[in-house]
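Please look through the sequence and the structure first; the description follows.

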Amino acid sequence: MNKITKPRLLIALLLLACALPVLAWAPLGHRMIGDLAERHLTPAAKAEVAKLLAGEREPTLAGVANWADELRNTDPDRFKRTSRWHYVKLSGPECAYEPAKECKDGNCVIAAIEAQLAILRDRSQPLDARRDALKFVVHLVGDVHQPFHASSHDDVGGNQYQISLRTKLKPEVYAQKNYVDGVMGTNLHAMWDYYILGETGMHPRAFADDLARRPWPPIATSDANPTQWAQESCRLIDAWGTYPDGHKLDASYGEAMRPLAERRVLQAADRLALVLNEALDPGFKPQAAP
Ligand SMILES: [Zn+2]
């Protein structure tokens with residue numbers, strides 16, 4: 001902290017404040033992950049999900065997938081207490097995880113997934129606690145697969161990498177003041193949360209159907225390991241050349257990066273189904289990795 005001069009700190013905080021509403025794959029990505037995962041639940045896990053989500057406005061994994069971000073408006077105090085659960089900062093080119101430094105008191109996405117899974121699995125916990133744990137798990141497994149939620153770069157997960165993006169996709173309401181003549185003033189994190197998937201213009205269900213039909217490289221399903229998921233995300237940032245050459249982007253960036261974003265959505269869904277089956281179906285036996 002003492003290395004940062006006051007004006008620079010102010011600017012950093014200002015940029016952070018501008019970026020704050022975007023915290024995750026936007027609702028589109030989270031819905032798709034919930035929808036795709038639900039297709040792979042065992043009957044016993046499905047029945048337990050139905051029991052836990054009874055009374056929800058939309059009692060499906062897709063329907064609750066964005067709840068943890070919606071707390072910002074529905075329960076701001078709780079959102080404040082849990083806002084660090086949506087990401088983790090990793091270190092260096094090897095994307096090392098240093099929990100003592102970057103996950104104090106369990107406040108990062110890796111520890112939060114593990115803690116919420118433990119509550120979900122424990123049938124002696126009150127139903128309400130398990131319901132909320134399920135909603136957190138659905139959301140956070142999605143977040144940890146968004147590469148910029150587990151970055152090792154020193155720019156707050158791309159939030160400090162400003163871009164101007166020529167796009168036909170109208171931004172979410174809170175950001176429309178930054179959209180002028182088809183150009184959106186935003187940042188690299190938001191590009192990944194919202195624009196790369198959103199620029200397809202597809203409805204979440206149709207998009208999920210489309211992904212489910214495509215031939216995908218085999219995904220190892222025996223790796224219920226949030227640390228590994230975060231480190232994969234972190235390594236993909238550089239392996240895929242996700243940092244653009246400059247700060248002016250158009251639709252070609254989204255097109256180039258979409259295969260990676262789609263693959264991460266599918267992996268998130270696959271692993272979400274795996275951990276939910278393990279947590280909710282006592283008879284579940286995962287298959288060996290391909
Ligand atoms: Zn989130």
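In which sense do strand β1 and strand β3 pair, and over how many bridges? Strand β1 (residues 162-166) and strand β3 (residues 183-187) run antiparallel and are joined over five bridges; two strands pair if DSSP finds at least two bridges between them. Within this pairing, I163 stands opposite T186 in β3.

The model is predicted: local features need pLDDT of at least 70 and side-chain atom pairs count only at pLDDT 80 or more, while totals for chains, interfaces and linings use all residues. Residues are numbered from 1 along each chain as its sequence is written, and side-chain values use heavy atoms, with hydrogens and water left out. Helices (H or I, at least four residues) and strands (E, at least two) are DSSP runs, numbered from the N terminus.

**The sheet**

Four strands form an open sheet in the order β2-β3-β1-β4, with mixed pairing. Because β2 (179-180) and β4 (248-249) stand at the edges with a single partner strand each, one side of each has no neighbour in the sheet. Helix α10 (residues 188-198) lies across β1, β3 and β4, at about 110 degrees to β3; such angles run from 0 to 180 degrees between N-to-C directions, the axes being lines fitted to C-alpha atoms, for helices over the stretch in contact, where contact means heavy atoms within 4.5 Å.

**The zinc site and helix α9**

The zinc ion has protein donors (N, O and S atoms within 2.8 Å of the metal, or 3.2 Å for Na, K and Ca; water is not among the atoms, so sites may look incomplete) at 2.1 to 2.2 Å, namely H86 through ND1, H139 through NE2 and D143 through OD. Along the chain their spacing is H-x52-H-x3-D. H86 lies in the loop between α6 (76-82) and α7 (99-102), and H139 in helix α9 (residues 127-145), 53 residues apart.

**An aromatic pair**

W67 and F136 form an edge-to-face aromatic pair, 4.9 Å centre to centre with 75 degrees between the planes. W67 belongs to helix α5 (residues 67-74) and F136 to helix α9, 69 residues apart.

| Residue | Relative accessibility |
|---|---|
| W67 | 14%, buried |
| F136 | 1%, buried |

Rings of Phe, Tyr and Trp (its six-membered ring) pair if their centres lie within 6.5 Å; planes under 30 degrees apart count as stacked, over 60 as edge-to-face and the rest as tilted.

Definitions and conventions:
Buried < 20%, exposed > 50% of the residue type's maximum accessible area, 1.4 Å probe, protein only.
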